[in-house]
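Hi,

Here is the structure I promised to pass on. My notes on the interface follow below it.

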Number of protein chains: 4
Amino acid sequence: MSNGTVVLAYSGGLDTSCILVWLKEQGYDVITYLANIGQDEDFEAARKKAESLGAKKVFIEDLRSEFVEDFIWPSVQANAVYEDRYLMGTAIARPCIARRQVEIARMESAQFVSHGATGKGNDQIRFELTCYALYPEVKVSFMDANLMHISHAPADLYLMTKNPEDAPNVPDVLEIEFRKGVPVKVINVKEGKSKDTPLEIFSYLNEIGGKHGVGRIDIVENRFIGMKSRGIYETPGGTVLLKAHLDIETFTMDKEVRRIKQGLGVKFSELVYNGFWYSPECDFVRHCIAKSQENVEGKVQLSIFKGQVYILGRESPKSLYNEELVSMDVQGDYDPCDASGFIRINAVRLREHCRLQGFSDPKP
Amino acid sequence: MSNGTVVLAYSGGLDTSCILVWLKEQGYDVITYLANIGQDEDFEAARKKAESLGAKKVFIEDLRSEFVEDFIWPSVQANAVYEDRYLMGTAIARPCIARRQVEIARMESAQFVSHGATGKGNDQIRFELTCYALYPEVKVSFMDANLMHISHAPADLYLMTKNPEDAPNVPDVLEIEFRKGVPVKVINVKEGKSKDTPLEIFSYLNEIGGKHGVGRIDIVENRFIGMKSRGIYETPGGTVLLKAHLDIETFTMDKEVRRIKQGLGVKFSELVYNGFWYSPECDFVRHCIAKSQENVEGKVQLSIFKGQVYILGRESPKSLYNEELVSMDVQGDYDPCDASGFIRINAVRLREHCRLQGFSDPKP
Amino acid sequence: MSNGTVVLAYSGGLDTSCILVWLKEQGYDVITYLANIGQDEDFEAARKKAESLGAKKVFIEDLRSEFVEDFIWPSVQANAVYEDRYLMGTAIARPCIARRQVEIARMESAQFVSHGATGKGNDQIRFELTCYALYPEVKVSFMDANLMHISHAPADLYLMTKNPEDAPNVPDVLEIEFRKGVPVKVINVKEGKSKDTPLEIFSYLNEIGGKHGVGRIDIVENRFIGMKSRGIYETPGGTVLLKAHLDIETFTMDKEVRRIKQGLGVKFSELVYNGFWYSPECDFVRHCIAKSQENVEGKVQLSIFKGQVYILGRESPKSLYNEELVSMDVQGDYDPCDASGFIRINAVRLREHCRLQGFSDPKP
Amino acid sequence: MSNGTVVLAYSGGLDTSCILVWLKEQGYDVITYLANIGQDEDFEAARKKAESLGAKKVFIEDLRSEFVEDFIWPSVQANAVYEDRYLMGTAIARPCIARRQVEIARMESAQFVSHGATGKGNDQIRFELTCYALYPEVKVSFMDANLMHISHAPADLYLMTKNPEDAPNVPDVLEIEFRKGVPVKVINVKEGKSKDTPLEIFSYLNEIGGKHGVGRIDIVENRFIGMKSRGIYETPGGTVLLKAHLDIETFTMDKEVRRIKQGLGVKFSELVYNGFWYSPECDFVRHCIAKSQENVEGKVQLSIFKGQVYILGRESPKSLYNEELVSMDVQGDYDPCDASGFIRINAVRLREHCRLQGFSDPKP
């Protein structure tokens with residue numbers, strides 16, 4: 001007699017294989033689930049291994065397109081960066097993977113979901129919060145299988161990016177086209193190649209970015225539970241997109257809207273990092289950010305070279321950049337005399353303050 | 001008979017020379033003032049030119065050290081970046097220059113200060129707000145001398161940085177030591193060279209950064225008065241310091257303090273960009289940020305190569321990074337069971353929400 | 001021959017009558033415009049006066065309903081309060097009035113709009129920013145007619161509210177029903193009276209609030225242009241709505257959504273106070289706030305007595321308040337053991353900090 | 001043989017008496033600790049009861065003065081209000097009580113502290129976080145003694161405040177004097193009575209506020225752990241101080257400093273509500289807020305009547321309120337022409353936006 005059905009997030013590796021066996025020994029029916037979000041993996045070998053270890057059913061799900069569209073694109077719109085540096089590749093993968101796992105659990109009438117994400121890291125939190133948020137009745141079983149074996153040596157730290165020192169001596173030049181704040185096309189200007197589906201665009205940016213060593217960082221970050229931990233990340237495509245999106249956004253968005261949206265983006269990043277992708281507040285923030293992107297449209301030209309992304313130019317039908325207004329000769333609504341009034345009115349408060357209390361740091 | 005005395009911010013160039021002559025024609029005594037904040041300029045030639053055009057007095061002031069200590073260092077502490085990209089080299093130069101000009105005006109009993117900062121740009125605002133803030137009774141006379149002549153062609157756009165494509169093929173490796181959030185020493189690890197006064201440190205970082213093409217940007221930014229304008233900037237030393245400071249700060253500062261300080265840094269950047277260095281609120285923000293830097297202390301190792309800065313590592317006597325706590329084997333205050341409770345408590349709200357209203361974006 | 005047509009915001013009083021006459025003397029055709037936003041005024045007398053002074057056309061427009069629906073309702077949703085105290089009755093009236101004035105100007109092909117809102121106050125700014133925002137080509141002529149005469153004595157300071165000391169000794173008890181964050185019905189519980197159109201609801205709350213002396217304040221506020229000024233305001237209906245809305249909002253909105261929305265509400269208040277109702281950022285903020293109100297639905301019971309509003313209770317079909325979950329006996333998703341884990345995880349960072357640096361204020 | 005020593009937060013009531021007995025049965029030496037923070041209690045009866053139940057030692061500590069000075073005063077400076085309404089009397093009492101308990105535990109070499117604060121509420125969190133923060137090695141034992149008995153009926157809900165309907169028909173008029181943002185003196189204007197120590201001032205404001213029914217609220221609030229709960233609070237003295245402090249602060253503080261400080265105050269309130277009084281971030285925020293209060297000095301006159309506090313006036317040697325500047329006749333730094341320039345510069349962006357994209361809500 002079964003104690004119930006568990007959907008196990010299975011990687012094919014030693015850790016989750018141990019969990020599979022252990023769960024079966026405890027009398028559970030085990031359904032394994034392996035998500036393809038673009039990692040380099042032998043999915044068929046994993047299927048065979050799961051079956052041989054007694055999995056009742058094996059799901060191997062290609063989530064690559066929905067990962068790009070439902071999770072990466074909103075992060076691009078948000079300019080999502082945690083603590084000024086981390087682009088959160090793993091943080092946004094987790095809710096994507098768990099969302100499908102919960103769908104399978106509901107579909108298969110499984111009361112349990114299980115995973116082997118490490119206990120001290122953020123991944124356990126992200127995984128479990130998503131499960132509870134989308135399937136409140138579920139029981140989550142976490143097994144810290146890492147305890148059973150030594151860690152991997154970090155020899156193969158960088159998988160996606162070349163060492164910038166070994167990168168090509170000639171830049172690639174890309175043009176990325178955005179609509180509503182997400183890329184809709186990328187063109188390699190010299191080669192004439194172009195991509196226009198979300199998955200192809202993102203994969204191509206990963207390829208080109210990786211070839212030039214873009215997006216490597218070695219940081220100490222603050223985990224949700226309060227500890228600092230060192231992380232070494234590579235996000236080639238994400239880094240290219242962040243720079244390009246920042247550029248087209250500033251070009252097309254009103255400055256005060258941008259200021260408010262920038263604060264929402266910081267909030268979004270914290271929420272996602274901490275595992276709250278599926279929360280009412282993250283829903284709300286995503287909605288607001290998406291609203292801000294309505295006119296973020298146009299093309300950005302950029303060059304990628306030796307680990308760095310250089311913006312070369314941009315153009316947009318929705319631009320608020322009025323070359324004539326900025327130039328000296330055409331006045332538009334701008335009258336230099338007004339500027340003096342503007343400054344003097346801004347100074348009323350400062351002069352009053354100086355008379356009454358002075359400023360603390362000037363030497364005079 | 002004189003109409004009064006004007007202290008004119010004088011560059012030695014055509015624009016401000018025109019202003020000098022015009023002011024004299026209007027019956028003013030003109031004192032010229034030229035600040036050395038590190039620009040490449042023939043100061044003695046400027047002095048002679050001013051004298052020959054009838055300046056009553058000529059001040060040439062070396063402000064380099066105070067520019068670094070009083071203006072650049074607080075900006076480093078703040079991680080000051082405007083609109084996510086611009087490091088504000090010119091925005092912080094302006095109050096430094098105007099501060100001394102106002103000192104001279106008070107000293108020389110001049111009722112007027114004058115400058116030729118362009119009318120449509122931000123510099124007029126920054127200059128004039130500083131004057132009013134520090135010398136409320138002053139009269140500011142602005143002359144848009146640019147109207148008199150055509151603009152410079154932008155042939156010599158980049159003065160401080162090499163083109164990254166032409167930069168050396170071998171990185172430089174630096175170690176920067178911080179105390180209270182400001183650099184106190186820089187060592188070139190391979191060459192063994194070191195610098196330890198503010199001015200020398202910053203000049204050296206400019207030199208090394210420039211040699212490797214670090215810190216070039218081509219952006220469209222939002223000016224204070226609401227127009228978008230294109231800016232091409234190079235901030236080699238500032239870029240190196242920003243990356244290094246971000247690293248040591250995250251390493252040594254509590255994560256929640258950092259979050260609050262990050263918001264204050266954004267505010268600081270807006271204030272400085274808009275010309276409010278000397279304002280009660282910028283005073284207040286600077287004070288708070290300085291307070292947050294008390295334990296920002298330690299050494300950052302980094303490599304500079306082809307336009308990019310790579311953090312190699314960091315160490316600090318004040319680190320909150322507890323390697324043992326993070327590792328799997330030593331538990332410290334951390335108990336894996338607590339994590340489950342932590343997650344379930346965080347999920348109470350999410351589960352309740354899901355039951356009542358569901359989430360908007362998941363497919364299930 | 002006419003110098004053009006001016007639409008003048010006309011009050012029927014001495015100031016704007018002077019402006020009318022002066023404009024005609026300068027050779028303009030003058031169209032007068034008087035908005036009815038609920039003030040106590042003899043509109044027909046004003047019409048006759050305008051005509052007798054030579055107005056080419058007279059518009060008297062009843063904007064009461066659109067004032068309530070388009071301007072007051074969004075402010076209620078935002079819990080709009082400037083500097084923690086001022087409910088901004090006049091700040092939101094200005095864009096409402098100017099919007100119609102600009103419509104008339106377009107309709108009548110007038111190139112000019114004119115008003116007599118005082119120069120040092122905020123009203124000039126609010127009026128003119130609205131005109132420029134909605135009719136960029138318009139020319140705004142402001143005449144500080146107040147300079148021509150002495151100010152009104154503040155004898156009749158309070159027009160809408162009774163002195164609380166003279167207010168009835170028996171409270172009124174109301175039930176206000178909200179949908180999407182705006183009131184859709186108010187019932188006087190004892191009297192059985194009810195109102196259910198926006199204008200009637202708001203007028204009735206003004207009446208009852210006024211009768212009990214609710215919503216009087218005497219404050220010093222910070223004007224947009226930096227000066228402090230004293231203001232004496234009465235907002236009886238707005239005060240009742242603010243309290244009721246705060247209550248139903250907290251009852252029905254997720255706490256983290258509320259936190260983000262609270263920040264947006266502060267931003268909204270600053271924008272509106274400063275005259276930016278019609279700005280891209282205020283549009284954006286209003287949209288986000290409206291989104292947050294989707295589930296703000298239910299009934300609030302309150303008592304109004306001697307200047308004060310007391311919340312008696314609330315109920316909602318969308319409540320997130322789960323009485324069973326809160327109570328001791330029914331556990332729901334909440335397990336007391338989880339709380340200990342939750343606390344200990346939150347404490348990891350604090351204990352580490354105490355060991356390394358201690359806390360600054362405890363005596364031990 | 002003892003299992004160790006426990007310092008138990010003891011109230012003299014049934015709950016904590018049960019805990020005392022149970023702890024002794026488990027083999028612990030129990031030291032009871034009862035804090036006097038101004039509650040109405042028979043402390044000597046509690047001492048006798050504790051002794052009779054076998055407490056090894058009994059501490060009864062008068063913390064009233066330090067509660068006012070170290071906890072209430074910083075909250076007054078912050079205008080601390082949680083979710084726009086709750087003044088957090090109990091939230092700030094908890095760290096005060098726990099701080100002393102931890103001191104006693106250290107002094108008595110006790111490894112354990114224990115309390116009976118209820119499990120589902122916030123008090124357990126506040127208590128335990130404080131203990132861990134100040135004594136990282138301590139073991140906290142929480143016993144949910146409430147489970148043992150039925151709850152108190154809420155008959156005696158309001159202890160400190162009169163029903164406003166039964167309050168006196170004549171107002172009291174007070175003058176409160178502030179220095180550095182905290183009250184240093186209160187005078188009852190009609191009676192001539194005055195108080196000038198922190199404890200006396202606060203007690204007197206509680207007395208007068210209570211007499212007039214000030215500070216009662218009935219709210220639903222969001223607990224830290226995510227549930228909504230209903231709370232009925234009375235904070236007479238705190239409410240009077242909040243209104244008076246808001247007034248003198250706005251009167252004396254620069255508006256932009258105030259805006260930043262307002263955000264810090266919201267953050268402070270969340271931290272304190274959630275139990276993080278002793279945290280690096282709350283330390284930091286308290287420091288910043290205290291800095292902002294340096295010039296918050298002066299006297300506020302107010303009237304207290306039927307549950308309401310009315311500000312009558314204020315005066316300050318540090319006021320930034322310049323009556324002459326505000327008036328029409330004296331110009332100071334303010335020139336009406338400048339205002340037009342100021343407005344037109346602010347409108348540049350709005351006009352450009354209108355031309356390109358229009359505004360979403362105006363009817364035209």
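**Where the chains meet**

One pair to look at: Glu281(A) and Arg349(B) form a salt bridge through their side chains, at 2.8 Å from N to O. (By salt bridge I mean a side-chain nitrogen of Lys or Arg within 4 Å of a carboxyl oxygen of Asp or Glu.) The count between chain A and chain B is 14 salt bridges.

Before you go further: this is a predicted model, with local features needing pLDDT of at least 70 and side-chain atom pairs pLDDT 80 or more, while totals for chains, interfaces and linings use all residues. Residues are numbered from 1 along each chain as written, chains are lettered from A and ligands numbered from 1 in written order, and side-chain values use heavy atoms, without hydrogens or water.

Now the wider picture. Contact (heavy atoms within 4.5 Å) links 98 residues of chain A with 97 residues of chain B. By class, chain A's side has 44 nonpolar (Ala, Val, Leu, Ile, Met, Phe, Trp, Tyr, Cys, Pro), 19 polar (the others, Gly among them) and 35 charged residues (Asp, Glu, Lys, Arg). The two chains bury about 9100 Å² between them, 58% of it from carbon and sulfur atoms; that is accessible area (1.4 Å probe) lost on being put together, summed over both parts.

As for symmetry, a 180° rotation with 0.0 Å of shift along its axis puts chain A on chain B with RMSD 0.0 Å (least squares on C-alpha atoms of residues with pLDDT of at least 70 in both). That is the relation of a two-fold axis. The copies meet through the same surface, because 99% of chain A's interface residues are also interface residues in chain B.

Cheers
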